[in-house]
Structures are given as structure tokens and as C-alpha cells.
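Here is a short briefing on ring contacts. Look over the structure, then read the points by topic.

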Amino acid sequence: MAELIGNIPAREALAAAMASGSLHHAWLIAGPEGVGKGRFARMAALRMLAEAAEPEKLRPGWDVLETTRTWHLSEAGSHPDFRVLARLPKDPEKPDEALARSITIAQVRGLQPLFATKPSLSSRRVVVIDSIDDLERGAANALLKNLEEPPAGTIFILVSHTPGRLLPTIRSRCRLLRFEPLPPAEVAMVLRAELPQASAAEIDALVRAGEGSPGRALGFAGLDIAALETDMARLADTGDPGNAIRSRLARLLGAKAAQPRYEAFLERAPTFIAERARNLSGEALRTALDAYAAARELGGAAIGLSLDAGATVFEMSGLIARLAR
């Protein structure tokens, strides 16, 4: 498995708790999306299970070797002491398409037969919920009962992007591991590992677009975000007085085949405006803040309301052009 990058303090805090021999029964891994919380949750779960079942086969760190029974059972999806709750596909026959909106109460209740017996391979079992933000209200209440009276030997690892929205009673029963956005150099390390063929310019553009989140940055991969960044910079620098850049972007991104780049532009544009606003003051700052608010509103409404793509790109480009001084 690839090396973990970033958030060393949080990882070391959990490692110290595991080494202490008195591991709390519930951990909340909280932070922005795309910074590695879910991946770390699964790695930590596997390590916990392997430490309890076959510690003699482990080496320092978080990796569990492919030679272990724990690894093989996990890869096969048949480890009897490991469960992951996540949103399921809307259509079970199309697992690669849209996911359900929530983790259902039925999924949480489906854990009860597991809790009715002792762990099978050691004294420990682990349940990962990625993410707990996705639980239905009833599912959250059902989970709370397990957190209040944890089944013997069970460790819960809960992933959250917005911990402030969780039930306070759930938060209060968990130890918090805070994951922060990664610095640009660490985001670049992840991107170079995942996108070895990408140019330096593309990596730089993706780092800026990711805002500390490698997962967010990877979502822009393959969309030539560097070219979009160049056009946004020209809009902001020149104001595009003849509308040439606006018109060209509207034609390019308004085509049906350009939908992924269109959505990337809508997502990136408000953040681009916010980045430029950090260096402004006075009237220029007020203009930028107004443009940012309008861009957020336009970007949020465009997809849901099926606004005309070309017209939306032209309008969004105009908001960026307001930054010109």
C-alpha cells in the first residue's frame, strides 16, 4: 500500500493509544474531505485487527503485510471481525454508478448479529463508518446505543467531514483525531505518486485547485485545469474588455461533451476569486467579496437548476473579470 502522507500528529496520537494497551472504543477522525481520513481509517482498522490476531507478523508502521491472514481476509471482503459502513449504490446491479443519499438504519441494525457473538479471530473487532455524516437520523440514534454500551472488544472508527453537525451525544463518546489540510508540498507528493505522467504545470494547477486536499485535487485530474487557471488569471488581470476570453470559454465549456470541465470550472471559480481577494483591500476587496458571493450562488445553482452551460460560463467569467483593477 502507498505511503501515508500528512497529518502525522493525528496518526501518532492513535499509534500511542494502541501501544498503551488501553484503546478507547470509539474514534472520530474529523477534517476536510479528501485529506486521507477514510484511507487512514481502513489502514488503522486493519492494523488493530492484525495486532490482536497475529502480532508476530507485523513490522513498525501502519502497513499490514500481504502474507498475513488479516490482509487476505480483508482483501476478500470476508474478515469476520471487520465491517465498513458506507453509502450503497442506488442500483445494486450498477455498483459503479450513483450512490444512495444516506447510510440507512437497516445497515446499522445489520451490525447487531455481529455484536451478538464474540470476535472470531482475536479479542477485537473493528467497525469503520465512512462517513458518519451520511447516517440517517434513525441510523445515528441506533448507532448511539452501540457507542453508549459498546460490545465487548469492538472498536468504532468514525470518519466525519463536518463533525459540528453530528449528534453531540455521538461526539462526546469518541476520542477526536483532527486531520488538517495538507501543505502544498505534501499535496504535490500525493499527486506525483498518483499521476506520474502529469506535467509540472498541471501538478501546480492541481495543487492550487485542491486547497490542501489531495482528493479534491485528484477530482480535477485529466480536465486540463492548468489551462482553465490560465484563462481565469487573464480574466482577473485584464478584465477581458472585448469579451474574447469569456466567449471562448462559453463555447468550449458549453458543449455537452465538456460537462466534467464545465463542472470543474464552476467549482474552481469561486475559490479562485477568494484567493485573489486575499491580496486586496478597500474598494477592490469589497468588489471581490461581492463577486465571490455571486460566484458561489451561481455555481451552486447552475447544476441543480440545469442552467444553460454556455451562458453560465459567460456570467461566471464576468464575475472573475470584476477583479481587474
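**Aromatic contacts in a predicted model**

Phe 115 is buried, because its relative accessible area of 12% falls under the 20% cut-off. The model is a predicted one. The count of aromatic pairs comes to three.

**Phe 40 and Trp 62**

- Phe 40 and Trp 62 pair edge-to-face. Their ring centres are 4.9 Å apart, with 80° between the planes.
- Phe 40 belongs to helix H2, residues 37–53. Trp 62 sits in the loop between H2 and helix H3, which spans 69–75.
- The pair therefore ties together parts that are 22 residues apart in sequence.
- Both Phe 40 and Trp 62 are buried.

**Phe 115 and Phe 156**

- The ring centres of Phe 115 and Phe 156 lie 5.9 Å apart. Their planes meet at 70°, so this pair is edge-to-face. The angle cut-off for that class is over 60 degrees.
- Phe 115 is in helix H5, residues 112–115, and Phe 156 is in strand E4, residues 154–160. The contact therefore links parts 41 residues apart in sequence.
- Phe 156 is buried, with a relative accessible area of 0%.

**Cluster**

- Which residues form one aromatic cluster? They are Phe 40, Trp 62 and Phe 179.

**Charge over a ring**

- Arg 246 places its charged end over the ring of Phe 314. The distance to the ring centre is 5.9 Å.

Note on methods: Residues are numbered from 1 along each chain as its sequence is written. This is a predicted model: local features need pLDDT of at least 70, side-chain atom pairs count only at pLDDT 80 or more; totals for chains, interfaces and linings use all residues. Side-chain values use heavy atoms; hydrogens and water are left out. Rings of Phe, Tyr and Trp (its six-membered ring) pair if their centres lie within 6.5 Å; planes under 30 degrees apart count as stacked, over 60 as edge-to-face and the rest as tilted. Helices (H or I, at least four residues) and strands (E, at least two) are DSSP runs, numbered from the N terminus. Buried means under 20% relative accessible area, exposed over 50%, partly exposed in between (1.4 Å probe, protein chains only). A charge sits over a ring if NZ of Lys or CZ of Arg is within 6 Å of the ring centre and within 35 degrees of the ring normal.
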